[in-house]
Amino acid sequence: MASIIEMVDNYGRYRRDVLNLQASENFLCSHVKMALGTDLGGRYSHVMPDGRNAYGGTEMIENIFNETEKTIKTLYNSKFAEIRPVGGHIAAEVALLSTVKKNDTIMAIAEENGGYTGYMENYLPQMFGFKTELIPYNEEKQEIEYDLFEKKALEVKPAAVVLGQSFIVKHYDLARIREICDKAGSKLIYDGSHVMGLIAGKKFQPDALKYSDILLGSTHKTFFGPQGGIALTNDVELYEKLKENVVWKTMDNYHPNRVAALGIAAQDLITFGESYAGWIVSNTYSLARTLNDAGIGIKYGPWYSESHQILLSKDNFSKYGDFRTISTKLGNNRIIADTEGRLGTAEITRLGLTDMVTLGEIVADAIKGKDVRSRITEFLRNSNIKFCR
Ligand SMILES: *Cc1c(COP(=O)(O)O)cnc(C)c1O
């Protein structure tokens with residue numbers, strides 16, 4: 001029998017000497033990890049509708065929960081926050097159950113345009129018995145086709161319009177979308193899973209909650225972790241519905257250690273969010289440009305991206321192999337990248353790395369087949385964990 005403790009130790013050693021460019025991940029500050037590893041990880045606390053907790057010994061856990069909820073509301077300037085969902089996907093389930101009935105229709109951005117797979121026909125719609133119609137989208141410009149969208153929304157009259165993409169490089173014209181939703185009688189949900197940290201730092205779609213009925217997302221992509229989800233609203237009726245759709249519907253225990261860690265991370269984001277998000281946006285542009293100048297095709301030049309994501313072009317396939325091959329080549333050089341052609345700058349920014357010209361040249365050489373392991377070790381020597389209080 002292999003010792004799992006040893007396996008975990010080995011994993012920790014492996015992670016110490018790699019550079020992570022995965023857009024869906026982030027680095028956890030030691031005080032966030034500390035909270036995850038406490039006694040809270042084995043506990044329940046469940047305040048019932050009548051105010052009574054179903055469990056005992058929970059007074060301090062309730063205080064931690066309330067403080068975390070308050071911190072999240074402050075961070076996003078929201079009236080209400082549902083902080084229990086254990087992932088962005090669960091937050092999306094909670095939001096949809098609160099806005100959409102069986103046999104209703106929602107509108108969402110197609111998977112082929114970077115939309116989240118969960119909203120496509122075979123997943124959440126199938127599970128909950130509603131239908132998804134696609135939002136017309138211009139792939140080249142990375143923009144919703146607003147006129148076509150308006151026409152279709154007025155025909156379809158979706159119960160909810162769900163914005164957000166897993167491949168997200170540009171903000172939306174939310175004032176315009178809000179108007180369309182009002183005309184069509186639709187709730188507007190913004191799934192900001194990838195960009196919650198950038199929204200908190202006011203450097204990407206800072207008006208997300210101003211125009212949406214619900215802003216939801218993961219707490220571990222550009223947000224500082226831990227893995228989980230939140231749903232925010234300024235509408236008291238929607239908030240009551242969100243609360244009802246958590247316990248015994250989409251989940252039961254909310255994992256009090258995770259909520260404690262979330263509160264600590266949110267306090268860090270209140271302190272450092274704007275500076276962090278500013279660095280992300282400038283790192284992204286400079287890394288994208290360096291890679292593109294080095295011959296690695298990057299989509300949507302000359303602006304490339306307004307977020308933490310850089311999207312590789314399929315033009316690379318003929319020269320350097322498909323996305324999977326590129327991910328393998330990078331992995332062999334201790335550079336972690338997904339197999340979907342997406343690079344992200346959240347984690348390297350957390351490590352205080354700002355020399356994107358050097359990094360871009362290293363990454364480009366790795367994609368071209370060179371061995372860059374010693375250059376990565378050297379580059380990481382300049383890392384200096386930032387944005388942890
Ligand atoms: C990642 C993602 C999700 C799922 O989030 P989890 O936290 O992994 O459950 C949902 N929506 C979008 C747009 C995402 O990118």
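## Charges and overall build

Lys and Arg count here as positive, Asp and Glu as negative; His and the chain ends are left out. On that basis the protein carries 46 positive and 49 negative charges, and their mean positions lie 2 Å apart. The model is predicted.

The protein holds 16 helices and 13 strands. Its C-alpha trace spans about 60 × 55 × 45 Å along the principal axes. The radius of gyration is 21 Å, which agrees with the value near 21 Å that a compact globule of 389 residues would have.

## Burial and contacts

Of the 389 residues, 56% count as buried. The accessible surface is about 17400 Å², and carbon and sulfur atoms account for 50% of that area. Take the contacts between residues at least 6 apart in sequence: 75% of them join residues at least 24 apart.

## Ala231 in strand S10

Ala231 sits in strand S10, residues 229–233. Its relative accessible area is 1%, so Ala231 is buried. Leaving aside neighbours within four places in sequence, Ala231 contacts Phe80, Ala81, Glu82, Ile214, Leu215, Leu216 and Leu242.

## Ser313 in a loop

Ser313 lies in the loop between strand S11 (309–311) and helix H12 (316–320). Despite the loop setting, Ser313 counts as buried because its relative accessibility is 10%, below the 20% cut-off.

A polar atom of the Ser313 side chain lies 2.9 Å from the backbone nitrogen of Asp315. Beyond four places in sequence, Ser313 touches Gly297, Ile298, Lys299 and Phe323.

## Cis peptide bonds

Gly225 and Pro226 are joined by a cis peptide bond, with omega about 0°. Pro226 belongs to the loop between strand S9 (214–218) and S10.

The bond from Gly301 to Pro302 is also cis, with omega near 5°. Pro302 is in the loop between helix H11 (256–293) and S11.

## Positive phi values

Asn77 is a residue other than glycine with positive phi, near 55°. It is found in the loop between helix H3 (59–76) and strand S2 (80–82). Asn77 counts as exposed, because its relative accessibility is 67%, over the 50% cut-off.

Phe387, also not a glycine, has phi near 65°. Phe387 is placed in the segment after helix H16 (373–380). With a relative accessible area of 5%, Phe387 is buried.

Conventions: Residues are numbered from 1 along each chain as its sequence is written. This is a predicted model: local features need pLDDT of at least 70, side-chain atom pairs count only at pLDDT 80 or more; totals for chains, interfaces and linings use all residues. Side-chain values use heavy atoms; hydrogens and water are left out. Helices (H or I, at least four residues) and strands (E, at least two) are DSSP runs, numbered from the N terminus. The radius of gyration is taken over C-alpha atoms; the globule rule is 2.2 Å times the number of residues to the power 0.38. Buried means under 20% relative accessible area, exposed over 50%, partly exposed in between (1.4 Å probe, protein chains only). Contact means heavy atoms within 4.5 Å. Accessible areas come from the Shrake-Rupley method with a 1.4 Å probe; for residues, only the protein chains shown count as cover. The place of a charge is taken as NZ of Lys, CZ of Arg, CG of Asp or CD of Glu. A polar contact is a pair of N or O atoms within 3.5 Å; within protein, one must be able to donate a hydrogen and the other to accept it, and residues adjacent in sequence count only if both atoms are side-chain atoms.
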